[in-house]
Each structure stands twice: as structure tokens, then as C-alpha cells.
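This report describes a single protein chain for a reader who is new to structural analysis. Please keep the sequence and the structure in view while reading.

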Amino acid sequence: EIAAQCSLVNFIVTEQGLEDQLLAKVVASEQPQLEEDRLQLVQAFNRYKIQLKELEDQLLEKLANAPEDILSDVPLIEGLEATKEKATEINAAVIKGRQTEVGINEAREVY
């Protein structure tokens, strides 16, 4: 069992992964706020992905259950507009987050 766990670890660990972990430790000790900002950004990106997936699922469900004349279904049209608006907001937040991520990564690369 231990040999199997070691084999699993050997396949998971990469040089880049180890470098990222070490860099995170160094930055966390030198500039904890910078590392905290990076972690919050990663969490935000994960939330955005989840929200987009949920919006997609809701949209597909609404379309699947829509009547033959989709244009006459006012709640469906309103739902589509709300979904589009929310997706646009999320995409804008992702773009802003990517810009912030570039700044954080440049600051981290000093180490």
C-alpha cells in the first residue's frame, strides 16, 4: 500500500508544481498580503467558473422545457436576458482578475 501511495505521489509531483509551492511559501512569509490576494483571486476564479456552469445548466434546462414558440414565453426571454447580463458581469470580473493576476505574478517572480 505504501509503494502504491509513493507511486501515486511520483506521478503527481512535478518540478513546476514544487516550484509553485515553494514560491507560495516564500511569498507568504515575505509578503503575506500579496499571497493572500493571490489566494483570494484563485478562489474568485473558481467561484466564477461554478457560477458560469450553473448559468449554463439553468439556461439549457429552460430551453429544453420551453414551448414550441420560444418567443411567446416571456419568463424564458427574461431569464435569458438575466443570464446574459450575469455572464457579462462575470466575464468583466474575470478580465479584471486576470489583470490583477499579472501584477501579482510579476511581484512574486521577484523571489
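## A buried glutamate

Glu35 has a relative accessible area of 4% and is therefore buried; buried means under 20% relative accessible area, exposed means over 50%, and partly exposed lies in between, with a 1.4 Å probe and protein chains only. Glu35 belongs to helix α3. Helices (H or I, at least four residues) and strands (E, at least two) are DSSP runs, numbered from the N terminus.

The side chains of Glu35 and Arg38 are joined by a polar contact of 2.7 Å. A polar contact is a pair of N or O atoms within 3.5 Å; within protein, one must be able to donate a hydrogen and the other to accept it, and residues adjacent in sequence count only if both atoms are side-chain atoms. Not counting residues up to four places away in sequence, Glu35 touches Ala24, Val27, Ala28 and Arg108, where contact means heavy atoms within 4.5 Å.

## The model and its confidence

This is a predicted model, in which local features need pLDDT of at least 70 and side-chain atom pairs count only at pLDDT 80 or more, while totals for chains, interfaces and linings use all residues. Residues are numbered from 1 along each chain as its sequence is written, and side-chain values use heavy atoms, with hydrogens and water left out.

The pLDDT is the predictor's confidence in each residue, from 0 to 100. The protein chain averages a pLDDT of 85, and 89% of the residues score at least 70. Among the elements, helix α1 (residues 2-12) has the lowest mean pLDDT, 58, whereas helix α3 (residues 32-64) has the highest, 90.

## Overall architecture

The protein chain has 4 helices and 0 strands, and from the N terminus on its elements run α-α-α-α. Of the 111 residues in the protein chain, 16% are buried. Among the contacts with a separation of 6 or more, 73% are between residues 24 or more positions apart.

The 16 residues of α2 should span 22 Å at 1.5 Å a residue, and its end C-alpha atoms are 22 Å apart, which agrees; the expected span is 1.5 Å times one less than the number of residues. The buried residues of α2 are Leu23, Ala24 and Val27. Seen down the axis of α2, these buried residues fall within an arc of 105°, so they line one face of the helix; the arc is that of the directions from the helix axis to the C-beta atoms. An α-helix has 3.6 residues a turn, so residues three or four places apart point the same way. The buried residues of α2 pack against α3 and α4, while Glu15, Gln21, Leu22, Lys25 and Ser29 are exposed on the other side of α2.

Helix α3 has 33 residues and reaches 48 Å from its first C-alpha to its last, close to the 48 Å expected. Its buried residues are Leu34, Glu35, Leu41, Ala44, Phe45 and Leu55. What covers these buried residues includes α2 (15-30) and α4 (74-108).

## The nonpolar core

Which residues form the largest nonpolar core? This core has 9 residues: Leu23, Val27, Leu34, Leu41, Phe45, Leu55, Ile90, Val94 and Ile104. The elements that give two or more residues to this core are α2, α3 and α4, and its largest share, 4 residues, comes from α3. A nonpolar core is a set of buried Ala, Val, Leu, Ile, Met, Phe, Trp, Tyr and Cys residues joined through side-chain atoms within 4.5 Å.

Leaving aside neighbours within four places in sequence, Phe45 is in contact with Val94, Gly97, Arg98 and Glu101.

Gly97 lies in helix α4 and is buried, with a relative accessible area of 5%. Gly97 and Leu41 are 56 residues apart in sequence, yet their C-alpha atoms are 6.7 Å apart in space. Asn105, also placed in helix α4, is partly exposed at 31% relative accessible area. The C-alpha atoms of Asn105 and Leu34 are separated by 9.5 Å.

Is Arg108 buried or exposed? At 7% relative accessibility, Arg108 counts as buried, and its place is in helix α4. The side chain of Arg108 makes a polar contact of 3.5 Å with the side chain of Glu35. Beyond four places in sequence, Arg108 touches residues including Asp20, Leu23, Ala24 and Arg38.
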